[in-house]
Amino acid sequence: MNEKRKQVIEKLLEKIKSGDIVSNNKLLPERQLAEVLGETRPVLREGLIALDAMGVVDIRDRQGIFLSSHEENAARTMLQKVHGWPADILSRAMEVRQIIEPIATGIAAYRRSEKDLEKMRACLEHMKELSEQSGQEAADKGAYWNTALHTIIIDATDNAYLSRIYESVITAIEQGMSMMRINTPPSAEGGRFVAYREHVELYNRIKEGDVHGAELCSEKHLQHTINALVQIGCIVPSSNLFEQKFAGLAR
């Protein structure tokens with residue numbers, strides 16, 4: 001996880017716990033939050049989106065930011081666990097993604113709300129801008145919005161258990177996505193140009209309610225991601241469950 005964003009999340013969690021930024025289960029407006037935390041609004045917004053994905057807060061359009069029914073300790077626990085997972089975490093996490101994501105994406109195409117689609121579009125706007133940029137900072141930001149988009153898709157299944165399971169997996173993916181963006185040519189499988197186009201296609205299938213098409217798009221995107229990660233040595237070839245017919249429509 002990006003260190004700066006992790007610090008902002010920790011600040012938010014501390015202020016939530018102390019009650020300094022919460023009144024009647026609602027957080028202060030963004031402008032006031034930025035002042036209290038001493039952060040810029042764009043940086044603050046990244047932290048808030050991450051907490052929204054973790055289920056700590058609920059960002060409601062035109063209404064504000066509310067605490068969800070989940071304890072803030074859930075997010076803190078997840079952040080702490082990331083550092084203690086085994087060295088082959090990325091390979092194992094990618095295996096879980098292959099098992100979960102295609103079917104979940106199909107469900108998301110059936111159940112998604114307009115709010116879900118709006119969040120996805122916001123992620124895509126950032127991803128489009130970052131797809132034109134190179135360097136480590138752009139790679140880190142691109143990886144963040146990548147994982148944010150996939151988290152929103154899973155949340156669109158409207159299944160809290162599935163969302164909690166997925167959060168523990170996707171947190172471990174972000175660093176690998178950043179490495180892939182740095183070490184993969186932009187127009188190759190897994191490259192930032194190709195990845196952006198695939199995410200747009202995925203969004204369109206979900207928006208249209210195309211369950212089968214969304215599942216196929218998810219499989220194709222994951223297969224390209226796996227190929228790229230294997231190519232740069234981030235995961236082992238045996239973690240490709242699609243190829244081995246353990247997962248996917250071809251099984």
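Modeller: One begins with the terms: a residue is called buried when its relative accessible area is under 20%, and exposed when it is over 50%. The model before us is predicted.

Biologist: Which residues of helix α6 are buried?

Modeller: An α-helix has 3.6 residues a turn, so residues three or four places apart point the same way. In α6, the buried residues are Asp116, Leu117, Met120, Cys123, Leu124, Met127, Leu130 and Ser131. Viewed down the axis of α6, these buried residues fall within an arc of 140°, so they line one face of the helix.

Biologist: What does the face of α6 turned away from its buried side carry?

Modeller: That face carries the exposed residues Glu114, Glu125 and Glu129. On the buried side, the covering elements include α7, α9 and α10.

Biologist: How does one compare the length of α6 with the span expected?

Modeller: Helix α6 comprises residues 114–131, and the distance from its first C-alpha to its last is 25 Å, close to the 26 Å expected at 1.5 Å a residue.

Biologist: Which residues touch the most other members of the largest nonpolar core?

Modeller: A nonpolar core joins buried residues through side-chain atoms within 4.5 Å. The largest has 39 residues, and Leu12, Leu27, Val57, Met120 and Ile206 touch the most other members. Helix α7 (residues 136–155) contributes the most to this core, with seven residues. Another core, of 23 residues, lies apart from it and includes Met180, Ala228, Leu229 and Phe242.

Methods
Residues are numbered from 1 along each chain as its sequence is written. This is a predicted model: local features need pLDDT of at least 70, side-chain atom pairs count only at pLDDT 80 or more; totals for chains, interfaces and linings use all residues. Side-chain values use heavy atoms; hydrogens and water are left out. Buried means under 20% relative accessible area, exposed over 50%, partly exposed in between (1.4 Å probe, protein chains only). Helices (H or I, at least four residues) and strands (E, at least two) are DSSP runs, numbered from the N terminus. The expected span of a helix is 1.5 Å times one less than its number of residues. The arc is that of the directions from the helix axis to the C-beta atoms. Contact means heavy atoms within 4.5 Å.
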